[in-house]
Every structure is written in structure tokens, then in C-alpha cells.
Amino acid sequence: MVILTLNCGSSSAKYQVYDWDNKDVLAVGVVERIGLEYSTIEHKTSGKEEFHDKFSSPTHKEAIELILKMLVDEKYGCISSLSEIGAVGHRVLHGGELFKKSTLITDEVVEKLKTVIPLGPLHMPANIMGIEAARKLMPNVPQAIVMDTAWHQTMPEEAYMYALPYEWYEKYNVRRYGFHGTSHLYCAKRAAVLLGKENKDTNVIILHIGNGASACAVKNGICVDTSMGLTPLEGLVMGSRSGDIDPAIIPYICNNTGLTVQEMDTYLNKKSGLVGLCGMSDRRDVHQAADNGNAKAMLAVKMEAHRIKKYIGAYSALLGRVDAIVFTAGVGEMGEHIRYLSCIGLENLGIEIDKEKNDLSHCRNAETCISKDSSPVKIFVIPTDEELVMTEDAFALMNGTYDIHTNFHYTFEDPDYVNKARARGLVENLKKKPELERIIALPPKKRSCGIKGC
């Protein structure tokens, strides 16, 4: 049996096919430019040639139709029949206060999701369109929603409430929800494994840094605070989002420029962050420009690291004891310069980054340890796996064994867990960079057996 996961954005649909019996990824792909003049698809089945093409996709229905067709394609496919799909997991941005954990989809669930659209107007309509399209095409297959906000539902009210009129919370659900939940869940549980601790005994600070970025404070295995708020705009400096600002800036600029509320929202979400500071959002471009002396790019790099460092300090105070700092997502996994600038100078908090180890850690196929041997607080780089969380939730819901994460055991919580696709990729990485082996993070059980690694 295989599990299909779908992540539908406003103009895209990412997907993964997972062989549940063999615990391995069979295929991945993405459809982009949905609703535009033409759409594109990139499809990769393990061990086969990649497929790229253009086609017409006015809606998500046509996109998902093509995805399903690719899965059974004689040359590029990964399964012989759609009947092999046992469940489908859908990533959903916002569960509001209605959905506190992953849930099987019914007509009633879809209608409830529609009421949450005002909390995520840019993402929720696309999420729902993808769900409705998949249900029409696979009406007899159990399907589940996995919310980005669910992981953060353990926050205490002093963390999730804003100091605003209380009636705004009562009438309009204005509160902190947090996002990147599936990523934070995966990394929190993997960090516990690497530390050799039970989840309930683990305190970590997770930094999910991609184009969107968020920090999460995890105490005794659960989320107690996070940087994103009502929407994914609050918190860290991001690719095109402002992160934390003085709210009075908004009426000040509107009064001086005549910008409408909608135009200001566009500026804050799409024209701020690194783009607003230096005109670039890709950290590779920003870093290169900074190295070449671009003053605005240099400022952008320093501001991003400065903001991350502030959150590490704040969350260290909140947690009291920190076992590990975890970097994840595209920039967290590959941006050694941001990791270094974010951690250097935090020795008084027991956080000691090793520059040589950090520079070596440029790989998405291994969990690495980049702290000094003497560092009381470990610093891990953990490649996230949101799709696996979605896959396991969908399977468990279909099987009737699912529960909230504090009562549920994921396969990746086992010390012997291996991501087979990444293990294959790591073999190739080590051929090119054998010294990478010495910073690979291993659970204490494996280290005590004499297996190489940090």
C-alpha cells in the first residue's frame, strides 16, 4: 500500500508517494503555474528518468488529474494502479481553533475549513480546492488534513494571547496560532532521539529557516511558544515578509503614501524582509552579494541573524534549560553563514558553535552536530521531513490508531530509524566529502557501539 501526500498552494501542488510496507519514497513532484497560461510539472520516480512538461491546468482539478496519471505512467510512474493508494494526506495552513490535530476529511470537515478562510486568505482557498479535487477523483480513498497550526495548540494562553481587546479573540479568533507545525514536530522528536532523551524530558529551540521562517520553543516535548502569530507574517526576518515590526508603522505609512490596507498587506508579505532590504530573497544570492561588498545585502544578513539570536536568547530564558538548538528547512540546512552568525557570541548561554563543523554541514541527507565538543547545549542541523509526518498521520487515521502527538509514536522516533532515500543520497555525499562523516549526529546507543559520527 502507498500513501499520497498533497501540498496545494495558490498556484502549485507538491506531492509525494510513500511505500508504507517498505518505508521508502517512491516518487516526488510538483505542478506549478496552476491557473496561468500554461502549467508545468516536474516528476521524479526513484530509479527512473525525471519527467518535465508543460500543460493546461486552469484549476487544481486538472493538476491533480495529471499527478495521478503520472503515478501510473508506464515509463515514469511508480505504481501499477491507483487502487494501491490507501490514503491521502493534505497539508492545510490553518486549523484555527476548530482543528487541534490531524483529522479524516468528511463533507462537514470541508465546510468547517471554509469558515477558517479569513484567517488564511492567501493559502486556505488553494488548500480546500486541492482537497475537493482529490476527493472527486478518489472518492473511495480515506483522506486526511494535517494542519500547520496543530503542533502549536499546546501553547499556554499567556503565550498565544495578544494584549489586545479580549473581545477580538472572542469574536474574531485573534490569537497566536503558529505555523510550520509538521516541521517543528518532526525536528523536536528527532532531536530527542539524537539526545537520547524521552520527549517529555527534552527542551529544544527549533529554527525553521526557509523563505518563510519561524522559531519554536519546545519544553518537555511540547510547544510552549513560537514566533509566527495569527498569520505567518510575525517573527523572524524572512525572504519577503517583514517579521516583527512596530504596528504603528502601518498607519504612519498609509497616511503618508495613501496605501490601502490590502496594498500594505502586500508590502508586508511580499515586498519586505530580505527583498525589501536588498532586493533579493534567495539567501545564496544575498550571501554572495554581501561577500562582494553590497552594503544592503550585508545589512540584510546581519539583521536576519540578529533577529534569530534575539529569539534564541528569549526562548532560552523561557525554557530555563536548553538541551539543543536545531536548525532546519532550506536555509537552516544549507546556510552555514546564517547558522554561525546566529549562534556566535552565545557562549554565556552554553551555546558554542564549531566553525569548522558548521562549514562542513552543507548536506540535506544527514543529521549533523555543529557544536563544539565542550558545548553544554548541542547544535543540530536536522533536515526536516514534513511529508513523513503527513504520511504517518494519514495512515494512522485510516487505520484507526491516530492520537495527539503526546500519545502517538512515529516511526522516526526510533533510534534505529533510517530514511532510505536520504541514506542513498548520503552515500554519494560521502564519496565527494568523506570528512562529513565525523559530524553526523547519532543517537547515544549507536555512538556507544563504535559507529562513527558526532
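These are legends for a set of close-up views of a predicted model.

The model is predicted, so to speak of local features we need pLDDT of at least 70, and side-chain atom pairs count only at pLDDT 80 or more, while totals for chains, interfaces and linings use all residues. Residues are numbered from 1 along each chain as its sequence is written, and side-chain values use heavy atoms, with hydrogens and water left out.

**View 1. Ser 102 and its polar partner Asp 393.**
Ser 102 sits in the loop between β6 (85–92) and β7 (103–104); strands here are DSSP runs of E, at least two residues, and helices are runs of H or I, at least four residues, all numbered from the N terminus. Is Ser 102 buried or exposed? With a relative accessible area of 4%, Ser 102 is buried (buried means under 20%, exposed over 50%, partly exposed in between, using a 1.4 Å probe and protein chains only). Setting aside residues up to four places away in sequence, Ser 102 touches Ile 145, Val 146, Met 147, Asp 393, Leu 397 and Tyr 402, where a contact is heavy atoms within 4.5 Å. With Asp 393 there is a side-chain to side-chain polar contact of 2.7 Å. A polar contact is a pair of N or O atoms within 3.5 Å; within protein, one must be able to donate a hydrogen and the other to accept it, and residues adjacent in sequence count only if both atoms are side-chain atoms.

**View 2. Tyr 15 in strand β2.**
Strand β2 spans residues 12–19 and holds Tyr 15, which counts as buried at 4% relative accessibility. Beyond four places in sequence, the contacts of Tyr 15 include Leu 4, Leu 6, Val 28, Val 30, Ile 41, His 43 and Leu 71. The side chains of Tyr 15 and His 43 are joined by a polar contact of 2.7 Å. How far apart are the C-alpha atoms of Tyr 15 and Glu 387? They are separated by 8.6 Å, although the two residues are 372 residues apart along the chain.

**View 3. The nonpolar cores, with Ile 325 picked out.**
Nonpolar side chains in soluble globular proteins tend to be buried together. The largest nonpolar core here has 54 residues, and Ile 145 and Ile 325 have the most contacts inside it; such a core is a set of buried Ala, Val, Leu, Ile, Met, Phe, Trp, Tyr and Cys residues joined through side-chain atoms within 4.5 Å. Helix α11 (residues 295–319) gives the most to this core, eight residues. A second, separate core of 40 residues includes Leu 185, Val 204, Cys 216 and Ala 396. Back at Ile 325, the contacts outside four places in sequence include Ile 205, Leu 207, Ile 312, Ile 351 and Phe 380.

**View 4. Ser 316 on helix α11.**
Ser 316 is found in helix α11 and counts as buried at 11% relative accessibility. Leaving out neighbours within four places in sequence, Ser 316 is in contact with Ile 205, Val 322 and Leu 349.

**View 5. The two faces of helix α10.**
Which residues of α10 (residues 283–291) are buried? Arg 283, Val 286, Ala 289 and Ala 290 are. They lie on the same side of α10 because they cover an arc of only 130 degrees around the axis, the arc being that of the directions from the helix axis to the C-beta atoms. Arg 284 and Asp 291 are exposed, on the face turned away from the buried side. The buried residues pack against β9 (204–209), α9 (273–278), α11, α12 (329–334) and α13 (336–343). After α10 comes Gly 293, with a positive phi near 95 degrees.

β13 pairs with β14 (residues 378–381) in the antiparallel sense over two bridges, and Thr 368 has Val 381 in β14 as its bridge partner.

Definitions and conventions. Pairing = 2+ DSSP bridges.
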